[in-house]
Amino acid sequence: MIIIKQNIWNVDADYRIITTNGDIKKDGSAVMGKGLALQAAQKYPDLPLRLGIQLKNDNKCYIFPDMHIITFPTKYHWRENSNYKLIMEGIDFLKRFSYNSGLTFVMPIPGTGNGNLHKGIVLSLLEILPDNVLVCNYDI
């Protein structure tokens with residue numbers, strides 16, 4: 001992984017990793033009401049419903065190639081703090097998907113904004129990711 005100080009939407013990358021939760025609204029769409037998830041939902045209006053359909057199966061990472069988005073769950077419920085187990089599952093997925101892919105990925109430090117996890121701990125977990133994964137950190 002390489003840490004950069006940029007807005008995730010301004011980085012030239014093949015995929016953007018969007019942090020999400022596992023909640024589904026009554027209309028079947030995913031809850032994407034804050035932070036990067038809200039920004040992604042505004043940019044890609046079909047994303048909440050498409051993610052909601054997937055979340056009925058499992059709260060895990062999903063790839064949306066037509067939008068160049070990968071969702072990365074950090075919470076089970078939007079009101080909860082982020083969960084280190086979900087973060088580790090997402091990191092494992094991203095490591096397998098990104099390694100030797102020839103693609104570039106950009107992501108936030110997952111779970112440290114609205115999820116209230118410790119940034120230093122999460123950054124240490126991200127160190128196993130290859131250098132084609134760019135991590136946006138605004139505090140450096």
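**Salt bridges and nonpolar cores**

A salt bridge joins the side chains of Asp66 and Arg50, with N and O 2.8 Å apart; the term covers a side-chain nitrogen of Lys or Arg within 4 Å of a carboxyl oxygen of Asp or Glu. This pair ties together distant parts of the chain, 16 residues apart: Arg50 belongs to helix H2 (residues 47-55), while Asp66 sits in the loop between strand S3 (62-64) and strand S4 (69-73). Helices (H or I, at least four residues) and strands (E, at least two) are DSSP runs, numbered from the N terminus. Asp66 is exposed, at 53% relative accessible area, and Arg50 is partly exposed, at 30%. Here, buried is under 20% relative accessible area, exposed is over 50%, and partly exposed falls in between (1.4 Å probe, protein chains only).

A word on the model itself: it is predicted, so local features need pLDDT of at least 70 and side-chain atom pairs count only at pLDDT 80 or more, whereas totals for chains, interfaces and linings use all residues. Residues are numbered from 1 along each chain as its sequence is written, and side-chain values use heavy atoms, with hydrogens and water left out.

Searching the whole structure turns up three salt bridges. Helix H3 (residues 84-98) holds Lys85 and Glu89, which are four residues apart and so separated by about one helical turn. Their side chains meet in a salt bridge at 2.6 Å, N to O. Lys85 is exposed, with 51% relative accessibility, and Glu89 is partly exposed, with 37%. Also in helix H3, Arg96 and Asp92 lie four residues apart, about one turn of the helix. The closest N and O atoms of their salt bridge are 3.3 Å apart. Arg96 comes out as exposed at 56%, and Asp92 as partly exposed at 39%.

Next come the nonpolar residues. In soluble globular proteins, nonpolar side chains tend to be buried together. A nonpolar core is taken as a set of buried Ala, Val, Leu, Ile, Met, Phe, Trp, Tyr and Cys residues joined through side-chain atoms within 4.5 Å. The largest such core has 22 residues, and Met32 and Val106 touch the most other members. Helix H1 (35-43), H2, S3 and strand S6 (133-136) each supply at least two residues of this core, with H1 giving the most, four. Leaving aside neighbours within four places in sequence, Val106 is in contact (heavy atoms within 4.5 Å) with Ile4, Ile8, Val11, Ala13, Tyr15, Arg16, Ile17, Leu134 and Cys136. A second, separate core has 20 residues, among them Leu94, Ile109, Leu117 and Val122.
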